[in-house]
Amino acid sequence: MKLNTKIFALSAALLTATTAIGWADNADVKIGMTPKFLKDDFQALMLNLSVAAFEAKGFTMVGAPDPNGDIAAQVDALQNLIAGGANVIVFAPIDAAGIVPAVERANEAGALVFSIDDGPAGGKVTATVRADNYNAGVQGAEEMARRLQEKACWADNTCIVLELQGGLTTPNGLDRSNGFADTLKALAPNVVLIQRPTEWTADMAADAAQNVLTQNPGLTGIFMASELMATAVNAQLNAAGRGAAVGEAESVIRVAIDGTPQGLQLIREGALDATVSQPLSAYATKTAELIELVKGGGTIEIGPRDDGRVIETPVGPQYQLNATLVTSANVDAEDLWGNQIGK
């Protein structure tokens, strides 16, 4: 009997993406949320925007504790929120595998499960909402190719580009790298592409940049999977006498991903050509929109959207939102998350 009850509860949870929940009012939606931590601007703003979006819908917030980067604390917090009455859990997983017990507990309880920025490795989600990181890499490559065509090396097929990859064991790192490399090879097949792993660390990025610059003093462009590498990479360019500002004939093209306040400032200073800003604001509004959709019996359909696409994954539908290319032309746009910090 106990086994049958568990199977029934899990089956009911799996149907929540396509059937009405039976909550009469938006106030019946009781949300428990955890960020990864609140020690950086991205996570803090994501939490603030999410709470604001949920409250704008009239949802009830049960709590939003900070696990401070501890996956065990995050799991405990989510399980406690469910025990405290949350029928929807929203989280940015600290660890994809480690978060699974909390997802499974929510499934057993019949709660909706929304994962932001990355998905869990197991259990079932109502939806994961994250950036289309492959497309972010595509946009980075398109901008790199466009700027390479303005360089003298383009005409004589001598352009060299360094790709500083993120962690290739992470979905974001792998998607960004594949999107960039696939697209650059298609748009610029004669460009030499050198790829170096960094595991998302500025130190590894700096070492790789130094080594490649030593071996290839005519390096034309650098793509960085994250802006966290940019300051260290610029230091290596300056040390090698290649630190010319954006727009100067001798400048090394620098394109990155993230859209942090620091990255936007580098663009303003001519120390970064472009970046691809993550759709942080849309994480909040889209999650709130999907909660309301499913609560009312709507279905999260697989396929393209005006703002991205929905794909099927082993744990459930994943809404991948389009990122935004940022250059000096739009760096001060108010809707960029990096310009919303402190407002």
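How many aromatic pairs does the count come to in this structure? The count comes to 4, where the rings of Phe, Tyr and Trp (its six-membered ring) pair if their centres lie within 6.5 Å, and planes under 30 degrees apart count as stacked, over 60 as edge-to-face and the rest as tilted. Before the tour starts, please note that this is a predicted model, in which local features need pLDDT of at least 70 and side-chain atom pairs count only at pLDDT 80 or more, while totals for chains, interfaces and linings use all residues. Residues are numbered from 1 along each chain as its sequence is written, and side-chain values use heavy atoms, with hydrogens and water left out.

**Stop 1: aromatic rings**

A pair of aromatic rings is described by the distance of the centres and the angle of the planes. Select Phe42 and Tyr283, an edge-to-face pair with 6.4 Å from centre to centre and 75° between the planes. Phe42 belongs to helix 2 (residues 41-56) and Tyr283 to helix 11, so this pair ties together parts that are 241 residues apart in sequence; helices (H or I, at least four residues) and strands (E, at least two) are DSSP runs, numbered from the N terminus. Phe42 is buried at a relative accessible area of 10%, and Tyr283 is buried at 0%, where buried means under 20% relative accessible area, exposed over 50% and partly exposed in between (1.4 Å probe, protein chains only).

Next select Phe180 and Phe223, whose rings are stacked, with 4.0 Å from centre to centre and 5° between the planes. Phe180 is in helix 7 (residues 171-187) and Phe223 in strand 8, so the pair links parts of the chain that are 43 residues apart. Are Phe180 and Phe223 buried or exposed? Both of these residues are buried.

One further ring to select is that of Phe37, over which the charged end of Lys39 sits, 5.0 Å from the ring centre; a charge sits over a ring if NZ of Lys or CZ of Arg is within 6 Å of the ring centre and within 35 degrees of the ring normal.

**Stop 2**

Switch to a cartoon view and look for the 8 strands that form an open sheet of mixed pairing, in the order 2-1-3-4-5-13-12-11, where two strands pair if DSSP finds at least two bridges between them. Strand 2 (60-63) and strand 11 (303-305) stand at the edges, and each has a single partner strand, so one side of each is left without a neighbour in the sheet. From one strand to the next, the twist averages 25°.

Within this sheet, select strand 12 (residues 308-313) and strand 13 (residues 316-321), which run antiparallel and are joined by 6 bridges. Ile311 stands opposite Gln318 of strand 13.

Then bring in helix 11 (residues 280-295), which lies across strand 1 (30-34), strand 3 (88-91), strand 4, strand 5 and strand 13 and runs at about 160° to strand 5. Here contact means heavy atoms within 4.5 Å, and axes are lines fitted to C-alpha atoms, for helices over the stretch in contact, with angles from 0 to 180 degrees between N-to-C directions. Thr285 lies in this helix and is partly exposed at 47%. Its C-alpha atom is separated by 9.7 Å from that of Ala56, although Thr285 and Ala56 are 229 residues apart along the chain.

**Stop 3**

How many disulfides does the structure hold? The structure holds 1, a disulfide being a pair of cysteine sulfur atoms within 2.5 Å. Select Cys153 and Cys159, whose sulfur atoms are 2.0 Å apart; the torsion about the S-S bond is about 90°, so the disulfide is right-handed. Cys153 is buried at 11%, and Cys159 is buried at 2%.

Thr220, in the loop between helix 8 and strand 8 (221-224), is buried at 6%. Leaving aside neighbours within four places in sequence, Thr220 is in contact with residues including Cys153, Cys159, Leu148 and Ile253.

**Stop 4: two residues with positive phi**

Most residues other than glycine have a negative phi. Select Asp117, which is not a glycine and yet has a positive phi of about 80°. Asp117 is placed in the loop between strand 4 (112-116) and strand 5 (127-131), where it is buried at 7%. Finish at Glu199, with a positive phi near 55°, in the loop between strand 7 (192-197) and helix 8 (202-215); Glu199 is partly exposed at 42%.
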